[in-house]
Amino acid sequence: MSEVTSALLAGAIVLALVLHLAWQARTSRNRASALAVEQGQIRTVIADAADVSDGTAGVTTWQGSWNSQRVQVRTIVDTLATRKLPARWLSVSVTEEVAVPATFDMMMRPGSPTTFSNFDHLEHTLPKAPGFPAEAVLRTDRRAARFPQGLIASHIEIFAEGRAKELLITPNGVRIVWLLAEAERARYGVFRQAEFGGATLDPSLIERLLVSASALRDAINKNERQAA
């Protein structure tokens with residue numbers, strides 16, 4: 001290899017490194033800015049929302065209070081290789097006591113593992129009562145557990161829209177997971193970069209999910225009190 005060729009190759013490597021570092025710096029600034037914007041959007045619904053993220057890559061978590069209930073909002077970037085495209089999920093939870101005997105997990109169109117759920121680790125599949133979507137699969141962690149399925153089915157209208165993915169009910173709360181966006185196919189296919197086209201959190205969506213989760217929790221607890 002001639003000295004000229006070696007010099008050109010070294011220059012190309014240095015240029016590539018500089019461009020990569022510049023891209024990383026720009027990406028970091030953009031993420032920090034987007035995080036600040038999203039926190040502001042969340043606080044229009046949950047005034048005292050605080051970022052309690054634990055540093056897990058792709059996961060941001062806020063906690064606060066809404067309508068005198070403890071709640072949690074989380075965004076998750078799912079880049080598992082089993083997915084055709086990376087996805088960004090919104091998880092909204094009411095983290096208050098629920099009168100159920102075990103975990104009840106409804107997953108829409110389960111096909112591959114996810115990073116936001118333990119659905120695949122639940123051993124027992126439940127028979128579905130009338131009213132649940134055809135694409136839904138129900139699981140629990142206790143074979144003998146009984147749930148007010150008819151009541152639950154009457155409170156999941158939001159799942160008819162196609163973007164709601166999971167309903168989780170445990171003695172500690174109710175969670176709904178919603179598909180915010182899938183990665184841009186062209187960019188991911190060429191650069192393996194998960195970009196979501198500027199998809200941001202919609203305060204009205206957060207509130208709708210909180211209202212739905214809270215109404216279901218209230219209905220379950222009321223039903224349990226009346227049965228006692």
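Let's start at one spot on the chain: Asp-218 and Arg-217 pair their side chains in a salt bridge, with N and O 3.6 Å apart. The term here covers a side-chain nitrogen of Lys or Arg within 4 Å of a carboxyl oxygen of Asp or Glu. Asp-218 is partly exposed at 40% relative accessible area, while Arg-217 is buried at 14%. For those labels, buried is under 20% relative accessible area, exposed is over 50%, and partly exposed lies in between, using a 1.4 Å probe and protein chains only.

Before going on, a word on what you're looking at. This is a predicted model, where local features need pLDDT of at least 70 and side-chain atom pairs count only at pLDDT 80 or more, while totals for chains, interfaces and linings use all residues. Residues are numbered from 1 along each chain as its sequence is written, and side-chain values use heavy atoms, with hydrogens and water left out.

How confident is the predictor? The score, pLDDT, gives its confidence in each residue from 0 to 100. The protein has a mean pLDDT of 83, and 74% of its residues reach 70 or more. A contact means heavy atoms within 4.5 Å. Where pLDDT is low, the predicted coordinates should not be read in detail.

Now the overall layout. The protein has 4 helices and 9 strands, and along the sequence they follow the pattern α-β-β-β-β-β-β-β-α-β-β-α-α. These elements are DSSP runs numbered from the N terminus, with helices being H or I of at least four residues and strands E of at least two. Of the 228 residues, 42% count as buried. Take the contacts between residues at least 6 apart in sequence, and 58% of them join residues at least 24 apart. The accessible surface comes to about 12,700 Å², 53% of it belonging to carbon and sulfur atoms; areas come from the Shrake-Rupley method with a 1.4 Å probe, and for residues only the protein chains shown count as cover.

Back to the charged pairs. Side chains of opposite charge can pair when their charged atoms come close. The whole structure has 5 salt bridges. One of them joins Arg-208 and Glu-161, whose closest N and O atoms are 2.3 Å apart. This pair links distant parts of the chain, 47 residues apart: Arg-208 is in helix 4 (residues 203–227), and Glu-161 is in the loop between helix 2 (149–153) and strand 8 (164–170). Arg-208 is partly exposed at 38%, and Glu-161 is partly exposed too, at 44%. Another salt bridge joins Arg-175 to Glu-166 at 2.8 Å between the closest N and O atoms, and here both residues are buried.

Next, strand 3 (residues 69–78), which holds Gln-72 and Val-73. Gln-72 counts as buried because its relative accessibility is 12%. Leaving aside neighbours within four places in sequence, its contacts include Thr-61, Trp-62, Gln-63 and Val-92. Val-73 counts as buried because its relative accessibility is 0%. The C-alpha atoms of Val-73 and Ile-206 are 8.1 Å apart, although the two residues are 133 apart along the chain.

Step back to the loop between strand 2 (59–66) and strand 3, and you find Asn-67 and Ser-68. Asn-67 has phi near 50°, a positive value in a residue other than glycine; phi of Ser-68 is near 65°, again positive in a non-glycine residue. Asn-67 is exposed at 57%, and Ser-68 counts as exposed at 77%.

Finally, strand 7 (residues 136–140). In a regular strand the side chains alternate between the two faces of the sheet. Here Ala-136, Leu-138 and Thr-140 make up the covered face, and Val-137 and Arg-139 the uncovered one. Strand 5 (residues 104–108) runs antiparallel to strand 7 and is joined to it by 5 bridges, with Met-108 partnering Ala-136. Strand 6 (residues 124–126) is also antiparallel to strand 7, through 3 bridges, and Thr-125 stands opposite Arg-139. Two strands pair if DSSP finds at least two bridges between them.

Technical notes:
pLDDT = per-residue confidence, 0-100.
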